[in-house]
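Subject: Structure handover

Hello,

Here is the structure you asked about, with the sequence alongside. My notes on what was found in it follow below.

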Amino acid sequence: MDNDDALSRRSFLRAGTVGAATAAAAGTAAAQEGTETATPTGTSNGTATGTATGNETATGTSTGGGGGGGGGTTHTVDMTDDLIFDPDSITVAVGDTIVWENVGSVGHSVTAYEEDIPDGAEFWASGGFDNEQAARDNYPDQGDVPGGESYEHTFETVGTHEYFCIPHEGVGMVGTVEVVEELEPTEAAGGGGPAVPDSAKTLGVGAAFAMVATLLIAFFFLKYGGDSPGHDAE
Ligand SMILES: [Cu+2]
């Protein structure tokens with residue numbers, strides 16, 4: 001009875017060792033897979049290994065990856081019936097586009113101050129005018145942005161661009177666009193991508209080590225402490 005009992009325990013634990021080791025290897029593979037693809041697939045693999053920490057990390061990786069992106073980000077400035085640009089000051093990167101959306105019902109213009117844009121910058125204004133005076137002279141027949149419509153411009157010249165709304169300049173409807181070489185948040189999002197997967201990998205490997213350590217303890221317990229069924233059970 002004692003021999004049979006010990007043998008069956010031994011067989012059971014060995015089978016468990018192989019199975020758990022396989023699971024540990026799968027966990028590591030899943031973590032690495034998540035690192036490279038950063039897709040929701042990593043989440044379901046992580047669930048299979050039963051490592052809650054891995055699941056959270058995989059989710060974070062997806063978020064980080066989605067934040068990246070090259071030039072050409074689009075920003076939005078609202079034009080409201082309060083006769084303001086909101087926000088009235090915005091910083092964008094070279095190549096970025098700003099869309100001015102008229103979210104109210106009062107018509108506005110988006111018109112650069114010809115003397116207050118960087119040297120070499122192309123004049124920009126709703127209506128597509130070449131210069132500020134033409135924009136002023138033709139409003140509102142041309143250059144008006146009615147409620148529900150928008151005007152957009154892509155900025156190619158670094159520096160400060162001051163602009164205004166022709167009919168509401170007198171009540172302070174003016175704004176500023178600061179164009180910089182590169183936006184800090186964009187830079188951080190791009191650099192954050194590789195860093196998160198590294199931690200996911202570390203967590204995966206750490207979980208695998210924890211599982212292997214547990215198995216080694218079980219193995220030595222079986223080998224050196226397994227003669228007495230009473231001790232086995234502890
Ligand atoms: Cu206006």
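Helices and strands here are DSSP runs, numbered from the N terminus; a helix needs at least four residues and a strand at least two. By that numbering L83 falls in the loop between β1 and β2. Please keep in mind that this is a predicted model.

Copper site

The copper ion is held by four protein donors: H108 and H168 through ND1, C165 through SG and M173 through SD. These atoms lie 1.9 to 2.5 Å from the ion. The angles among the four donor atoms run from 93 to 130°, and the site is tetrahedral. For reference, the ideal angle for four tetrahedral donors is 109.5 degrees. Along the sequence the donor residues follow the spacing H-x56-C-x2-H-x4-M. C165 and M173 are both buried.

T80 sits in the loop between β1 (74-79) and β2. T80 counts as buried because its relative accessibility is 13%, and the cut-off for buried is under 20%.

Sheets

In one, four strands are arranged in the order β2-β1-β4-β6 with mixed pairing. Its edges are β2 (85-86) and β6 (150-154), each of which pairs on one side only. Strand β4, residues 97-102, runs antiparallel to β6, and five bridges join the two. Within that pair, I98 has H153 of β6 as its bridge partner.

The other open sheet, also of four strands, has the order β3-β8-β7-β5, again with mixed pairing. Here the edge strands are β3 and β5, each pairing on one side only. β3 (residues 89-93) and β8 (residues 174-180) pair in the parallel sense over five bridges, with I90 bridged to V177 in β8. On the other pairing, β7 (residues 159-164) is antiparallel to β8 and joined to it by six bridges. In β8, G159 stands opposite V179, and Y163 has G175 as its bridge partner.

Core

The largest nonpolar core holds 28 residues. Those with the most contacts inside it are F85, I98, W100, V110, W124, Y163 and V177. The elements giving two or more residues to this core are β1, β3, β4, β7 and β8.

W124 is worth a look in the viewer. Leaving out residues up to four places away in sequence, W124 touches W100, V110, T111, A112, I117, Y151, H153, F155, H161 and Y163.

Is T111 buried or exposed? T111 is in strand β5 and is buried, because its relative accessibility is 0% and buried means under 20%. The T111 side chain makes a polar contact of 2.9 Å with the side chain of S109. Not counting residues up to four places away in sequence, T111 touches F123, W124, A125, A135, Y163, F164 and I166.

Which residues does P118 contact, leaving aside its neighbours within four places in sequence? They are T157, V158, G159, T160 and H161. P118 and V158 are 40 residues apart in sequence, yet their C-alpha atoms are 7.2 Å apart in space.

Backbone points

Two cis peptide bonds should be noted when you step through the chain. One runs from D86 to P87, with omega near 5°; P87 is in the loop between β2 and β3. Another joins Y139 and P140, with omega about 5°, and P140 is in the loop between α4 and β6.

L83 has a positive phi of about 60° although it is not a glycine. With a relative accessible area of 22%, L83 is partly exposed, because that class lies between under 20% for buried and over 50% for exposed.

Regards

Key
Residues are numbered from 1 along each chain as its sequence is written. This is a predicted model: local features need pLDDT of at least 70, side-chain atom pairs count only at pLDDT 80 or more; totals for chains, interfaces and linings use all residues. Side-chain values use heavy atoms; hydrogens and water are left out. Donors are N, O and S atoms within 2.8 Å of the metal (3.2 Å for Na, K and Ca); water is not among the atoms, so sites may look incomplete. Four donors count as tetrahedral if all angles lie between 85 and 135 degrees; four count as square planar and six as octahedral if opposite donors are over 155 degrees apart and all others between 65 and 115; anything else is irregular. Buried means under 20% relative accessible area, exposed over 50%, partly exposed in between (1.4 Å probe, protein chains only). Two strands pair if DSSP finds at least two bridges between them. Contact means heavy atoms within 4.5 Å. A polar contact is a pair of N or O atoms within 3.5 Å; within protein, one must be able to donate a hydrogen and the other to accept it, and residues adjacent in sequence count only if both atoms are side-chain atoms. A nonpolar core is a set of buried Ala, Val, Leu, Ile, Met, Phe, Trp, Tyr and Cys residues joined through side-chain atoms within 4.5 Å.
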